[in-house]
Amino acid sequence: MRWKTLAALAAGVMPLATMVLAAAATNKDGGDGELLRQARKWYKPLSAPPLPPANTPRGAQVRLGKMLFHDARLSRSGVISCNSCHNLANYGVDGLPTSLGHGFVPGARNSPTVFNAALHTRQFWDGRARDVEEQALGPILNPKEMAMPASDAVIERIASIPEYVALFKASFPKEKDPVTYHNIGQSIGAFERLLLTPSRFDRFLAGDGRALSVREKRGLKRFLEIGCASCHAGPAMGGMVFQKFKLPNQEGEGDLGRYDFTKDPNDKYVFKAYSLRNITRTYPYFHDGSVWDLGEAVRLMGKIQHQRDMPKPEIADVVAFLGSTTGEIPRHALELPVLPPSRANTPRPSFK
Ligand code: HEC
Ligand code: HEC
């Protein structure tokens with residue numbers, strides 16, 4: 001604590017060497033020992049996972065997964081890829097209230113980011129998929145998203161492309177017939193598990209007090225005191241718990257959330273407490289994408305989850321803190337893969 005050092009100096013009780021050391025320590029953690037301790041109760045610094053060597057099966061899976069992530073031939077129209085709604089250059093989102101699927105028809109929910117999604121305990125706003133491997137197989141067959149008629153049709157397209165067949169063999173060397181729908185999910189998942197975005201907040205958690213500004217620290221302190229971390233917990237700062245959430249102005253019955261999947265009446269209007277990492281870039285907010293302004297999203301959270309009218313300066317501080325969780329997109333995610341060409345027997349796209 002800086003004031004303690006000063007007080008000791010004024011009282012003349014501290015030998016010079018100790019004083020210098022104390023000052024250095026103060027600088028290092030920015031005088032925020034207590035704040036750091038509180039933050040570490042909830043969060044650990046996130047680090048970027050190492051890339052598996054290219055010549056291993058896992059390395060091949062990651063390469064294949066990235067290609068499939070960008071390949072619109074996984075959609076009926078040949079127009080929509082995973083990247084259409086989870087644009088990696090745009091922090092893994094489409095920036096629309098709800099995504100446009102097959103035939104440009106808007107879907108029911110906002111597209112969450114794929115960055116750090118692998119860290120969540122379950123996937124989707126309602127948690128209906130266990131992990132990113134299982135999740136990836138949903139949108140391809142969803143008539144409102146990529147709209148492929150059946151998994152066989154997906155395999156027919158992929159298996160007609162020899163470069164893909166070779167990559168599946170390299171990715172799953174122990175399997176006799178590795179071009180399967182299941183393995184599409186495994187590969188995309190392998191790629192997604194590398195989409196982590198360490199940020200300045202992680203540097204702070206690792207002990208670098210200078211990683212956050214005074215205002216961001218004030219915001220973090222409020223964020224922790226109010227109790228936001230109790231739901232937005234874990235390595236992705238969210239994605240761990242499900243909670244009731246209904247916007248005050250919501251009309252009609254609306255989206256029933258987790259209930260549609262569990263059929264448990266207690267799960268009506270229950271949604272995943274979302275990851276707050278990169279939140280400044282993943283607007284518009286909430287499962288229906290109804291709120292564009294982060295300050296407004298924070299105000300609503302204060303009101304709905306904490307029955308608290310957060311004063312404007314407090315909202316601004318929390319928003320400033322949340323900005324420090326916006327991380328760096330890993331370079332490998334920004335390099336586009338070259339996709340192999342279709343062959344004469346590759347089933348053609350259909351707009352119907
Ligand atoms: C048409 C737009 C669209 C396409 C195409 C699409 N997604 Fe999504 N994705 C969404 C929406 C919307 C959700 C949320 C749906 C829900 O929760 O019900 C979602 C959810 C997810 C999630 C869950 C994230 C979380 O935080 O729970 C992951 C991971 C994901 N998609 C990856 C993919 C992959 C991989 C593909 C390609 C195979 C893909 N998506 C294709 C729109 C799309
Ligand atoms: C009781 C659990 C709970 C608490 C406490 C809580 N949240 Fe949330 N938060 C949620 C849920 C659930 C959602 C997802 C709501 C939905 O369905 O769109 C969410 C969503 C958000 C979003 C929008 C995320 C997105 O990508 O759309 C922000 C921002 C947010 N919370 C910030 C905060 C802040 C700041 C606090 C403290 C003032 C807080 N939350 C406290 C449960 C909670």
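What follows is a set of questions about the terms used for this model, each answered from its values.

Visitor: What kind of model is this, and how many helices and strands does the chain have?
Guide: The model is predicted. The chain has 16 helices and two strands. Its C-alpha trace spans about 85 × 55 × 30 Å along the principal axes. Of the 352 residues, 38% are buried. Among contacts between residues at least 6 apart in sequence, 69% join residues at least 24 apart.

Visitor: Why are α4 and α10 called roughly perpendicular to each other?
Guide: The axes of α4 (residues 57-70) and α10 (residues 181-192) cross at roughly 95 degrees. Angles of 65 to 115 degrees count as roughly perpendicular, and therefore α4 and α10 are given that term. The two axes come within 7 Å.

Visitor: Which residues of α4 and α10 meet?
Guide: On the α4 side they include Arg 58, Gln 61, Val 62 and Leu 64. On the α10 side they include Ile 184, Gln 186, Ser 187 and Ile 188. By class, this contact has eight nonpolar, five polar and two charged residues.

Visitor: What makes the buried residues of α8 line one face of the helix?
Guide: In α8 (residues 151-159), the buried residues are Val 154, Arg 157 and Ile 158. Seen down the axis of α8, they fall within an arc of 95 degrees, so they line one face. An α-helix has 3.6 residues a turn, so residues three or four places apart point the same way. The cover over the buried residues of α8 includes α7, α9 (162-171) and α10.

Visitor: Why does Ile 226 count as partly exposed?
Guide: Ile 226 has 18 C-beta neighbours inside 10 Å. A buried residue needs 20 or more and an exposed one has 12 or fewer, so Ile 226 counts as partly exposed. Ile 226 is in helix α12 and touches Gly 302, His 306 and Arg 308, leaving aside residues up to four places away in sequence. Its C-alpha atom is separated by 26 Å from that of Phe 115, which is 111 residues away along the chain.

Visitor: How do you know that Leu 96 is partly exposed?
Guide: Within 10 Å of Leu 96 there are 14 other C-beta atoms. Leu 96 lies in the loop between α5 and α6.

Visitor: What makes up the shell around ligand 1?
Guide: There are 27 residues around ligand 1, and Cys 82, Cys 85, Phe 124, Trp 125 and Pro 139 come nearest. The elements that give two or more residues are α5 (82-85), α6 (132-135) and α7 (137-141). The largest share, three residues, comes from α5. By class, this shell has 15 nonpolar, nine polar and three charged residues.

Visitor: Which element gives the most to the shell around ligand 2, and how does that shell divide by class?
Guide: α14 gives the most, with six residues. Both α12 (214-226) and α14 (294-306) supply at least two residues each. Of the 25 residues around ligand 2, Cys 228, Cys 231, Phe 271, Phe 286 and Met 301 come nearest. The shell divides into 16 nonpolar, nine polar and no charged residues.

Terms used:
Residues are numbered from 1 along each chain as its sequence is written. Chains are lettered from A and ligands numbered from 1 in the order in which they are written. This is a predicted model: local features need pLDDT of at least 70, side-chain atom pairs count only at pLDDT 80 or more; totals for chains, interfaces and linings use all residues. A residue is near a molecule or strand if its C-beta atom, placed from the backbone, lies within 6 Å of it. Helices (H or I, at least four residues) and strands (E, at least two) are DSSP runs, numbered from the N terminus. Ala, Val, Leu, Ile, Met, Phe, Trp, Tyr, Cys and Pro count as nonpolar, Asp, Glu, Lys and Arg as charged, and the others, Gly among them, as polar. Axes are lines fitted to C-alpha atoms, for helices over the stretch in contact, and angles run from 0 to 180 degrees between N-to-C directions. Angles under 35 degrees count as roughly parallel, over 145 as roughly antiparallel, 65 to 115 as roughly perpendicular and the rest as oblique. Two residues are in contact if their C-beta atoms, placed from the backbone, lie within 7 Å. The arc is that of the directions from the helix axis to the C-beta atoms.
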